[in-house]
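I'll jot down what I look up as I go.

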Amino acid sequence: MTNTTLKSGAEALSETLIDIRRHLHRHPELSNEEYETTKYLISLLEEAGVTIVDYGLKTGVIAEVGGLQGGPVIALRADIDALPIQEETGLPYASLYPGKMHACGHDFHTAALLGAVYQLKQQESQLKGTVRFLFQPAEEKAKGAQQVIDSGALEGVRAVIGMHNKPELPVGTIGIKSGPLMAAADGFAVEIKGSGSHAAVPETSVDPIVAASHIVAALQSIVSRNVSALHSAVISVTQIHSGNSWNIIPDTAVLEGTIRSFDEAVRSTVLKRFEQVAAGVAAAFGAEARVRWIGGPPPVINDALLAQLGEETSAVLGYTSVKPVPSPAGEDFAFYQRVVPGLFVFMGTAGSREWHHPAFELDESALPVASAFFTGLAVRVLEHFSSEGGAGA
Ligand SMILES: [Zn+2]
Ligand SMILES: [Zn+2]
């Protein structure tokens with residue numbers, strides 16, 4: 001299939017993909033509750049005669065195309081879950097479910113991946129390997145990728161490719177870079193144990209609020225004193241809970257927040273220093289600090305060869321590829337990249353609102369672009385792996 005037919009094939013699917021995306025948009029489901037979405041996807045895949053492989057996932061679908069000539073296996077991934085947000089777009093196809101919305105555009109990812117399923121199915125007999133489609137649940141809770149890995153669906157896969165819509169980029173522009181693209185997103189809860197008293201006699205207490213205040217201030221020294229100027233990290237304390245009366249010093253205080261970083265070495269330094277600072281400062285006040293980590297995804301780090309194949313694909317299809325600025329948001333696609341080489345790209349969707357905004361919208365004319373890019377890149381990666389006779393990325 002030539003690049004022109006690939007592109008026109010995607011354009012011809014445009015209306016179908018828009019219908020699918022709008023159906024998903026009307027019926028958003030939260031992480032690990034994507035039952036209707038799963039049924040809908042299965043019905044579309046069956047209708048297209050695509051093989052569905054049962055890995056025992058409760059929600060989400062794994063499907064396969066190709067492999068008729070043997071060859072390597074690669075995976076294309078889309079996330080399918082929505083967010084607990086009340087939609088405020090006023091669109092005719094707005095969410096029918098109160099308090100739930102596809103505000104991160106995973107409906108777009110799912111429809112675009114279906115476009116690639118349809119396009120690759122059309123050329124199935126010529127494919128130089130197998131394309132496994134991961135319609136993954138629960139990205140927003142950073143749980144779904146690991147569930148897919150645990151199911152065994154990544155076994156035998158040589159490379160994994162995924163994307164996120166990007167409101168800041170115009171339609172037809174794709175953000176592709178090797179190396180770090182999105183941050184590791186670690187959450188923390190610190191419990192500071194002191195000992196309460198009447199507020200009038202603080203000398204009989206170990207005041208957890210004073211200790212917590214010093215911990216918050218001291219944590220801000222980690223990025224400035226322990227992280228090189230050439231690297232970056234963020235520590236944000238976003239919740240402080242303690243006490244319930246104006247005249248009682250409480251027993252405990254709890255801090256919560258998040259740490260973002262783009263490099264595993266920086267990440268481990270920051271996490272280690274965080275624990276030392278929290279425990280050390282608490283001890284200085286006679287209190288105790290216990291840090292509980294709320295597991296987020298590691299950083300999204302793209303494979304150099306796959307990024308290069310991505311840029312080539314974009315160029316031959318006539319799209320513009322740009323080197324995107326890394327995003328401090330987290331993305332559970334990173335879990336796959338710990339297991340196999342992967343490429344995650346930003347697909348331009350020309351929106352006026354950022355991800356997770358109640359008025360989040362995107363330009364649906366990006367659907368065929370995403371579909372053609374997924375398709376073209378899958379073909380290119382399979383050809384590359386088969387021509388190398390087994391050498392990996
Ligand atoms: Zn999101
Ligand atoms: Zn998202």
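What spacing do the donors of the zinc ion (ligand 1) follow along the chain? I looked it up, and the pattern reads C-x35-E-x215-H.

Some ground rules before I go on. This is a predicted model, where local features need pLDDT of at least 70 and side-chain atom pairs count only at pLDDT 80 or more, while totals for chains, interfaces and linings use all residues. Residues are numbered from 1 along each chain as its sequence is written, chains are lettered from A and ligands numbered from 1 in the order in which they are written, and side-chain values use heavy atoms, with hydrogens and water left out.

**Entry: the zinc ion (ligand 1)**

I checked what holds this ion: C104 (SG), E140 (OE), E140 (OE) and H356 (NE2) coordinate the zinc ion (ligand 1) at 2.0 to 2.6 Å. My note on donors: they are N, O and S atoms within 2.8 Å of the metal (3.2 Å for Na, K and Ca), and water is not among the atoms, so sites may look incomplete.

Why is the arrangement irregular? The four donor atoms subtend angles of 54 to 150° around the zinc ion (ligand 1), and that makes it irregular. For the record, four donors count as tetrahedral if all angles lie between 85 and 135 degrees; four count as square planar and six as octahedral if opposite donors are over 155 degrees apart and all others between 65 and 115; anything else is irregular.

Then I traced where two of the residues sit. E140 is in the loop between β4 (130–136) and α5 (144–151), and H356 is in the loop between β16 (342–348) and α10 (366–387), so the pair ties together parts that are 216 residues apart in sequence. The element names come from DSSP runs numbered from the N terminus: helices (H or I, at least four residues) and strands (E, at least two).

I also looked up accessibility. E140 is partly exposed at a relative accessible area of 21%, and H356 is partly exposed too, at 37%. Here buried means under 20% relative accessible area, exposed over 50%, and partly exposed in between (1.4 Å probe, protein chains only).

**Entry: the zinc ion (ligand 2)**

Which residues coordinate the zinc ion (ligand 2)? I found C104 (SG), H106 (NE2) and H164 (NE2), at 2.1 to 2.3 Å. Along the chain these donors are spaced C-x1-H-x57-H. C104 turns up again here: it bridges the two zinc ions, ligand 2 and ligand 1, which lie 3.2 Å apart. Both C104 and H106 are buried.

**Entry: the largest pocket**

Next I went looking for space, and the largest pocket holds about 500 Å³. Of its 27 lining residues, E140, A142, A185, R260 and P297 are the closest to the centre. The strands β8 (184–193) and β12 (252–261) each supply at least two residues of the lining. By class, the lining has nine nonpolar, nine polar and nine charged residues.

My notes on terms: on a 1 Å grid over the protein atoms alone, a pocket is an open set of points with protein on both sides within 12 Å along at least five of seven lines, and lining residues have an atom within 4 Å of a point. Grid points are joined across faces, edges and corners, and the volume is the space filled by probe spheres set on the points. Ala, Val, Leu, Ile, Met, Phe, Trp, Tyr, Cys and Pro count as nonpolar, Asp, Glu, Lys and Arg as charged, and the others, Gly among them, as polar.

**Entry: salt bridges**

How many salt bridges are there? The count comes to 17, where a salt bridge is a side-chain nitrogen of Lys or Arg within 4 Å of a carboxyl oxygen of Asp or Glu.

I picked out E364 and R21, whose closest N and O atoms are 3.0 Å apart. E364 lies in the loop between β16 and α10 and R21 in helix α2 (residues 14–26), so this pair ties together parts that are 343 residues apart in sequence. Buried or exposed, I wondered about E364? E364 is buried at 9%, and R21 is buried at 0%. E364 and R21 also belong to a network of salt bridges that links R21, R22, D107, E361 and E364.

Another one I noted joins R132 and E64, at 2.7 Å from N to O. R132 is in strand β4 and E64 in strand β2 (residues 61–66), 68 residues apart in sequence. R132 is buried at 7%, whereas E64 is partly exposed at 22%.

Key. On a 1 Å grid over the protein atoms alone, a cavity is a set of points where a 1.4 Å probe fits but cannot get out, and a pocket is an open set with protein on both sides within 12 Å along at least five of seven lines; lining residues have an atom within 4 Å of a point.
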